[in-house]
Amino acid sequence: MSIAKTYNPADVEAKWYQRWQEQGFFKAKANPLKTPYSVVIPPPNVTGVLHMGHMLNNTIQDVLVRRARMQGKEACWVPGTDHASIATEAKVVALLKERGIEKKDLTREQFLEHAWEWKEKYGGIILEQLKKLGASCDWDRTRFTMEPELTEAVLRVFVDLHQKGLIYRGIRMVNWDPQGGTAVSDEEVVAKDTMAKMYHLRYEVVADSAQQAPQFMTVATSRPETIMADVAVAVNPNDSRYTHLHGAKVRIPLLGREIPVILDEYVSIEFGTGALKVTPAHDLNDYELGLKHNLPVIDILNNDGSLNEKAELYVGQDRFAARRNIVKDLEAAGLLDKVEEYASVLQTSERTGAVIEPRLSLQWFLKMEHLAKPALAAVESDEIKLHPPKFKNMYRVWMENVHDWCISRQLWWGQRIPAFYLPDGTYVVALNAEEALKLAREKSGNQELQVSDLRQDEDVLDTWFSSWLWPISVFDGFKDPDNADVNYFYPTNDLVTAPEILFFWVARMIMAGLEYRREVPFRNVYLTGIVRDDQGRKMSKQLGNSPDPLDLIATYGADGVRTGMLFSSPAGNDLLYDVKLVEQGRNFTNKLWNAFRLTKGWEVDAALPFANAKAVEWFSAKLNTTLAELDEHFDKFRMSDALMTIYKLVWDDFCSFYLEMVKPAYQAPIDPETLRYTTSFLETLLKLLHPFMPFITEEIWHELAERGPKDYVCVAAWPKPQSVSGAPELLSRMEKALEIVAGVRNIRNQKGLGPNKPLTLAAKTDDGTLLQDYDGVIRKLAALSEVTLVETAPAASVSFVTGGTEYFVPLEGQIDLGAEKVRLEKELEYANGFRESVLKKLSNEKFVQNAKPDVLERERHKLADAEAKIATLQQSLNSL
RNA sequence: GGGAGAUUAGCUCAGCUGGUUCAGAGCAUCUGCCUUACAAGCAGAGGGUCACUGGUUCGAACCCAGUAUCUCCCA
């Protein structure tokens, strides 16, 4: 039988994924006999494709879920997608445009038909990609935030919150995305630092009499096109420069409309010219100033960011075109004083990238105060733990300063707001038109009203208004609040997501969970970092610095990519992606493969006695100690540490030491006992590795032995640490033995002797038990023909000291006495220095008085060891 | 402008309540090896004033204060 020298993932990954599905291992159902463990996926955009962030995020989820499954829990990972209203609608609009169709030429129904068609065609690609990664989701549970059941949940919640008086409609300053043609929430606005221009404009002061020479006041603005919406100029009452203008009026440049000069301490005397143009319709602060001073509001913007007829000038031009033109005209009219560059912050839309225009509009809002309070308490009390905990601070600050949530969007793709307007302009809120009609008849007292008399609100709800219900709605907790699934799987256990959406999504899920089930939606929130390139830049399409995850999987194998991504991604830390990481991951799979290949190739001779008791006993101790460490890492959500712990256990302890200890000579057979132990160790390692590397572990599991129909490592029991008697002693003795091995190997290296040149070793010690017990191990790993005890140093030998004992490797004719002397003197010098430092500590009375007894004891030991070592070295030197 | 966090080896990070020679890991580096499981490998080695300056303490990477730099969040 021949096994490939390198592991070939492409051959096995699809096979095992299919088999797991056929076996139904990923399916979960309420089972009172088992402990539930559930995770809901952060639903990716339905039209999205897998990127590196998804890879990291979903690998972590899969590790958690697979481990829980092996621990015998009823593991349930619910997959699904998000309808992502702005992003998807923008994509559909762009697609239609390519085909020569403008959105404005379509009816709502026609547009939605196109959108659904597109969703059916491209939607869910990302879920297929997740299968390539090995994600063990219960695919039968796949949900979509805009499917009928989930839409119903959204509408029910809207109606309920409206009844509770938490949803209201009002005119507010909103963040307007002119490209998306919709309002967006505060959380969807991204601030970008830029250099902006500050234009100093001259406003003519309205003269008392026509005879006076015209006077001007200079007002600075970064958005000169908004002067047509000005309703006042404000100055600080304490600003002596403007005292003469108190009560005056000024003319808007070019337009000539007269507006008052008002006084308010809000105006900063230092900033700009100390005079502030007041534009209530297009700036939040100005709006509040306007309210205070009872000023009118003039909105000069259309939905698409162009100027409307209220502007009077530049009507129909985009705001940026209008800005260029008005600057030109102002300059020509001599009304532009100067232009300065200054560092400013540009507000942009997260979804479309367009520059946000603050704008007054009529929107739906959800009051947050009532919802935020318990949601804050849940995190403060650690009922929900954030990993890493540093995010707790951020969470608190945000929750204490939360604003009402603007939940309406001027889009078509999404859940339409269930508000129905009566002919008189009032409205009712109801789940559907029939219910609305009932309410409308009651409200108006008009029994003649028909459904056709009612007009439903045109807006849809913010996407997050459906995703905040996700942990409940995926278990049908709104439709049927007492169903077995939701009772069993809710609250879920862990949520894995990006810190960017801590407020968008995580905080709101906590609110919804507490409001609708009186229980938090999850216990742990694991916040991943952002995947960046090796220069620390965010991965982006524009930069082209993001590898295609599917190419990576094809090249390095899903297991290699998964482990590569987890090698260096502690919670909350950004992952600097480097192809070296996935190479390391791939190399690790190959290492494991070859360990398997070695053991698989052994022939057994049943007559042979058990020859490797020391190795087996040691590795058993090592394995069980590591197991406990591993569980601790997992419990603390230290995924990289958990992986690294297994990595070293497999590579260093199992492959480099254990297998080398028990490996028979070339083509020699192995004893049955050793093979039995070795196979069992390997099986345990496969189990530990499975959550990280599901495919290769399943492949080896089945290659290693004939397996029953349900015997998969995927559902094998997670190993529990067994107590091994005398484990610390076993570990430290083997460690000492391996130090001797390293000493010999070092000499081989220094002297340029090959790894196999037969050598002998002599030790000068009274206590030969270690050498005796580990004789086989030391001889084999260091390739020694003989280990002896001596009383004096053999002639012509190289020596080393470890564990207070001096060892000699006789090397006739190859010794450079001078070099050897120098080496020994150096070592002696170091040992003396060490002795001095310990002595100094011990002769410090205060230390002796204050230090804890065990610390003191340790120092005394160190001193004794050092002195013994010095004596040995001195002797060797003398004998040279 | 307000707040939070960080600064440890070339890189990415550990280092729990101060105490095993002023520190660990992985990767990278260097040296030597095609030693029949693996060159996607083996063996060995080197590499750090724990950002800086003070303070507390018998003792500080760890506690305190200040300085510098960086990152993130909010305005």
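Asp 382 is partly exposed, with a relative accessible area of 36%. You'll find Asp 382 in the loop between α9 (369-380) and β15. What makes Asp 382 worth a look is its backbone: phi is near 65°, a positive value in a residue that isn't glycine. Most residues other than glycine have a negative phi, and most peptide bonds are trans. Keep in mind that this is a predicted model, and every value here is computed from it.

Gln 667 is another non-glycine residue with a positive phi, about 65°. Gln 667 sits in the loop between α20 and α21 (672-689). Is Gln 667 buried or exposed? Gln 667 counts as exposed because its relative accessible area is 68%, and the cut-off for that label is over 50%.

Then there are the cis peptide bonds. One joins His 387 and Pro 388, with omega about -5°, and another runs from Tyr 490 to Pro 491, with omega near -5°. Pro 388 lies in the loop between β15 (385-387) and α10 (391-400). Pro 491 also has its place in a loop, between α14 (484-489) and β22 (494-497).

Here are these backbone features side by side:

| Site | Feature | Value |
|---|---|---|
| Asp 382 | positive phi | near 65° |
| Gln 667 | positive phi | about 65° |
| His 387 to Pro 388 | cis peptide bond | omega about -5° |
| Tyr 490 to Pro 491 | cis peptide bond | omega near -5° |

**The chain as a whole**

Stepping back, chain A has 28 helices and 29 strands. How far does the C-alpha trace of chain A span along its principal axes? The answer is about 120 × 65 × 55 Å. The radius of gyration of chain A is 37 Å, whereas a compact globule of 880 residues would come out near 29 Å.

Of the 880 residues of chain A, 52% count as buried. Looking at contacts with a separation of 6 or more, 77% are between residues 24 or more positions apart.

**Inside the chain**

In soluble globular proteins, nonpolar side chains tend to be buried together. In this model, the largest nonpolar core has 189 residues, and those with the most contacts inside it include Leu 366, Tyr 395, Phe 465 and Trp 468. Helix α20 (residues 639-662) provides the largest share of this core, with 13 residues. Apart from that core lies another one of 40 residues, among them Met 228, Ile 298, Leu 301 and Leu 335.

Which residues does Phe 465 touch, leaving aside its neighbours within four places in sequence? Phe 465 is in contact with Val 154, Val 157, Phe 158, Leu 161, Ile 167, Leu 366, Trp 405 and Ile 407.

**A look at Asp 186**

Asp 186 has its place in the loop between β6 (182-184) and β7 (189-205). Asp 186 counts as partly exposed, at 42% relative accessibility. Leaving aside neighbours within four places in sequence, Asp 186 is in contact with Asn 175 and His 403. From Asp 186 to Asp 548 is 32 Å in space, C-alpha to C-alpha, and 362 residues in sequence.

How values were computed: Residues numbered from 1 in each chain as written. Chains lettered and ligands numbered in written order. Predicted model: local features only at pLDDT ≥ 70, side-chain atom pairs only at ≥ 80, totals over all residues. Heavy atoms only, no water. Core = buried A, V, L, I, M, F, W, Y, C linked by side-chain atoms within 4.5 Å. Buried < 20%, exposed > 50% of the residue type's maximum accessible area, 1.4 Å probe, protein only. Helix = DSSP H or I, 4+ residues; strand = E, 2+ residues; numbered from the N terminus. Contact = heavy atoms within 4.5 Å. Rg over C-alpha atoms; globule rule 2.2 N^0.38 Å.
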